[in-house]
Amino acid sequence: MSALLEVRDLVKRFPVKRGLFFERTVDWVEAVAGVSFDIGAGETLGLVGESGSGKSTTGFCVLQLMRPTSGSVRFEGRELTELSGEELRRVRRNAQIVFQDPYSSLDPRMTVGNIVAEPLVVHSVGTRRDRRTRVRELLDVVGFDPTYVNRYPHEFSGGQRQRIGIARALALSPRLIVCDEPVSALDVSIQAQIINLLKDLQAEFGLAYLFIAHDLAVVRSVSDRIAVMHRGRIVETGPAKDVYEHPKDEYTKALLASVPVPDPARMQERKADRRKLQGAVAM
Amino acid sequence: MSEPLLEVRDLRTHFFTREGVVRAVDGVSLSVDRGRTLGLVGESGCGKSVTALSILGLIPKPPARIVGGEVLFRGRDLTTLSERELEDVRGKQIAMVFQDPMTSLNPTLTIETQLVETIRRHTDVSRREASRRAVELLDEVGIPKPETRLGDYPHRLSGGMRQRVMIAIALSCEPDLLIADEPTTALDVTVQAQVLDLLDRLRREHDMAMIVITHDMGVIAEVADEVAVMYAGQIVEQASAAALFARPEHPYTEALLGALPQLEDHASRVGRLTAIPGRPPSLIEPPAGCRFAARCPYAGEPDGCAEHPPELRELRRGHLVRSEHPASERARTREGVSA
C-alpha cells in the first residue's frame, strides 16, 4: 500500500539579493536541503525543530503554497510539483492547512460564516442554502457556537479563532491537514482544548496530519511518528516513543534535554544530562 | 526571621479605560528574600506582568494607577516615591529583563554605548572604566570575545545573544533584585536552557533575589524556589516549588498541570489532556465570588464559593491557597463520606 503523502528529496532554496537598483543574487540559502518522509492515511507525523530549521517551509512546499526548488511531492498518487492551476486546486480540496496565528490568518473584514464558507464557494460546492447548513455543522463540530456566524473574528479569543480556522480547513472534507504551529499562540488551558479537538477530529474523520511545531511535549502528545529537523535536514525520524525515549542523533538528544519539565526533582537529573550534551548545540 | 528584601502587600493596580475599570492586579501580596527566586506563573492577562511593572513604577499612567497596597523594598514603600527617586532605585537596586530583547535594546546605539550609559548613570566612574566594566560584564554573561562585540549594533546579534546583553545591562549596577519577565519566551529551547542556567548562576554568584515571570510551568520548575500562581488578577496558590508540583492544592493549579502535554510520558498520545473549559473572567466586572468558580469542577452550591470570595489562607506552613476546595480537603471529605 502506498502512503497518502510521499515526499522525496525536497529542496527549497531562497536567493540572497544585494544592490539597490540592480538587484542581483549573490548567494542562496537552502532552507530545506533534501527532505523525505511519508504520511499514511489517518496518521500524524510530527515535524519538530527550532526556528529556522525549515519545518514551516517544508509544510508550505508540500501544499505547493511555495514551489519547491526540486524534489517530489506525491499526494494520493499524484505528483503535485507538476500540477498547476485548476488541477492543483482540485487536489487542494483534500489537503488543507491550519496556521499558527489565529489573529492574522483570518480576514478581519469577513464574518465567521463567510470565512468558513469560503473554501466551499471557491470550489463551487452545493447551493447557497447547502453551504449555510454545512457551515453550521462545521462550527458545531469544532465546538464553536454556530449562532455567532455573523460576527467578526476580532470579537473572539485566540482559542475560538483557532476553532474557526480549523472549521475552514475541514470544510472540504480533506484527507490531510498541515498544522503549522496550531497551538503555539495559545495559553496552556486553551492549547489543551485545541489539541483534544484535533485528536477527536482525526478519530472521527480519519484525517492525516503533518503537525509542525517547536514544542516537543505538544508534538509528542499528538504524533504517531516524529521527524526532527535541523538546518534544513531531517536528522532523525521514527515512531514517537523511540525518538523520545531512545534518541540516536546528538542534536535530538540535546534538543530533548533542553526542554524544561514541570517537575523540580526530575529537573535536577535532566540538568545533569544537559551538561553532558552541551557540545551538540551550536550557539 | 529577618525582613524580606521585597514585600508587596495587597497591591491593587487598576486600568481606567473607556470600557470600565480593569482590575488587572487586585490584591496581590508576595515577598522575596535575598538569594531566592520567586516564580510568578499564570496565563495571559492574569496580571503577572502588571504586578512586576507596578513594583518598579513602570505602569503606563494613565490609564493605569496603583489604587492600593504597598511595595516595600528594604522597608521603603516604593509607591510613595517620586519619579526621580524611583529612577535611582531602578537599575541600581532593582533591574528588569524583558521578553523581547530586540524591542528593549535601542537599535540605533551600539552595545557599548548602551552598557556604558547604564553604568555611568548609576555609578561615578570614568568612561574608560565603564568600558572596561562593559567587557567584563559581557564576558560574565557568556558572550564570546566580548571586546570585539562592543561596537556591534543589536541587530548583529542572535536572539539569545541579545538577551545576554540585556542581562549584562541589568547586572551592570549590581542590583539586589532582578525581575525577569518571560526572559526566554522568544528564544529557542536549546538557547532557553543556556539563558536559564546563566540567570541561575548569576543569582548565586551575586547573591541576588530574582522574580521570574512566565507562563511556562517547566521554566518555573527549573528556576524557582517559591512559586505564586496568578489567576484573574489574584494569587490563587503560593508554595515552595517542590510542594506546588508534588501536591498542588488549588483546582486551577491542578488543572493547569493536567493540561500540559508531557514530554516524558507516552500515554498522552493515546489519552486526552484535561482541558480547562471556558476562559478566564473579564476583569472589568470580575465575579463576586471565587474567580475560578465558573471553570472549577468542584464549585458547588452548599459552600457558596461562587457568591463569597475565598480568602488566601495558609493550609500548611508556607502553602497558601485561595479556594474552598483545595485537594487535601477534598480528599479528607471523601474519606469522611466513605467511613
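**Questions on a predicted two-chain model**

Biologist: How many other C-beta atoms lie within 10 Å of Arg231(A)?
Modeller: This is a predicted model, and in it Arg231(A) counts as partly exposed. A residue is exposed at 12 or fewer such neighbours and buried at 20 or more. Arg231(A) falls in between, and the count of other C-beta atoms within 10 Å is 15.

Biologist: Where is Arg231(A), and what is its phi?
Modeller: Arg231(A) sits in the loop that links strand 9 (225-230) to strand 10 (233-239) of chain A. Most residues other than glycine have a negative phi. Arg231(A) is not a glycine, yet its phi is positive, at about 50°.

Biologist: Is Asp10(B) buried or exposed?
Modeller: Asp10(B) belongs to strand 1 (residues 6-17) of chain B. Its phi is near 50°, a positive value in a residue other than glycine. The limit for this class is 12 or fewer neighbours. Asp10(B) has 11 C-beta neighbours inside 10 Å and therefore counts as exposed.

Biologist: Which peptide bonds at Pro62(B) are cis?
Modeller: Pro62(B) lies in the loop between helix 1 (48-55) and strand 4 (64-73) of chain B, and Pro63(B) is in that loop too. Most peptide bonds are trans. Here omega is about -20° for the bond from Lys61(B) to Pro62(B) and about 5° for the bond from Pro62(B) to Pro63(B). The cis bonds are Lys61(B)-Pro62(B) and Pro62(B)-Pro63(B).

Biologist: Which residue is the bridge partner of Val11(A) in strand 4 of chain A?
Modeller: Strand 1 (residues 5-18) and strand 4 (residues 70-75) of chain A run antiparallel and are joined by 5 bridges. The bridge partner of Val11(A) in strand 4 is Ser70(A).

Biologist: How many bridges pair strand 1 and strand 2 of chain B?
Modeller: Chain B has an open sheet of 4 strands in the order 2-1-4-5, with antiparallel pairing. Strand 2 (20-32) and strand 5 (76-77) are its edge strands, each pairing on one side only. Leu6(B) stands opposite Val32(B) in strand 2. Strand 1 and strand 2 of chain B pair in the antiparallel sense, and the number of bridges is 9.

Biologist: How are helix 3 and helix 5 of chain A oriented to each other?
Modeller: The axes of helix 3 (residues 112-122) and helix 5 (residues 158-170) come within 7 Å and cross at roughly 30°. The crossing is right-handed. Angles under 35 degrees count as roughly parallel. The orientation of helix 3 to helix 5 is therefore roughly parallel.

Biologist: Which residues of helix 5 of chain A meet helix 3?
Modeller: On the helix 3 side, the contact uses Val112(A), Ile115(A), Val116(A), Glu118(A) and Pro119(A). By class, the contact has 6 nonpolar, no polar and 2 charged residues.

Biologist: Against which helices do the buried residues of helix 3 of chain A pack?
Modeller: The buried residues in helix 3 are Val112(A), Ile115(A), Val116(A), Ala117(A) and Leu120(A). Helix 3 is followed by Ser124(A), whose phi is positive, near 45°. The buried residues of helix 3 pack against helix 4 (128-141) and helix 5 of chain A.

Biologist: Which element of chain A gives the most to the side that touches chain B?
Modeller: The contact takes 33 residues from chain A and 36 residues from chain B. On the chain A side, 18 are nonpolar, 8 polar and 7 charged. The elements giving two or more residues include helix 7 (216-222), helix 9 (250-258) and helix 10 (264-277) of chain A. The one that gives the most, with 7 residues, is helix 6.

Methods. Residues are numbered from 1 along each chain as its sequence is written. Chains are lettered from A and ligands numbered from 1 in the order in which they are written. This is a predicted model: local features need pLDDT of at least 70, side-chain atom pairs count only at pLDDT 80 or more; totals for chains, interfaces and linings use all residues. Axes are lines fitted to C-alpha atoms, for helices over the stretch in contact, and angles run from 0 to 180 degrees between N-to-C directions. Angles under 35 degrees count as roughly parallel, over 145 as roughly antiparallel, 65 to 115 as roughly perpendicular and the rest as oblique. A crossing is left-handed if the near helix is turned anticlockwise from the far one by less than a right angle, and right-handed if clockwise. Two residues are in contact if their C-beta atoms, placed from the backbone, lie within 7 Å. Ala, Val, Leu, Ile, Met, Phe, Trp, Tyr, Cys and Pro count as nonpolar, Asp, Glu, Lys and Arg as charged, and the others, Gly among them, as polar. Two strands pair if DSSP finds at least two bridges between them.
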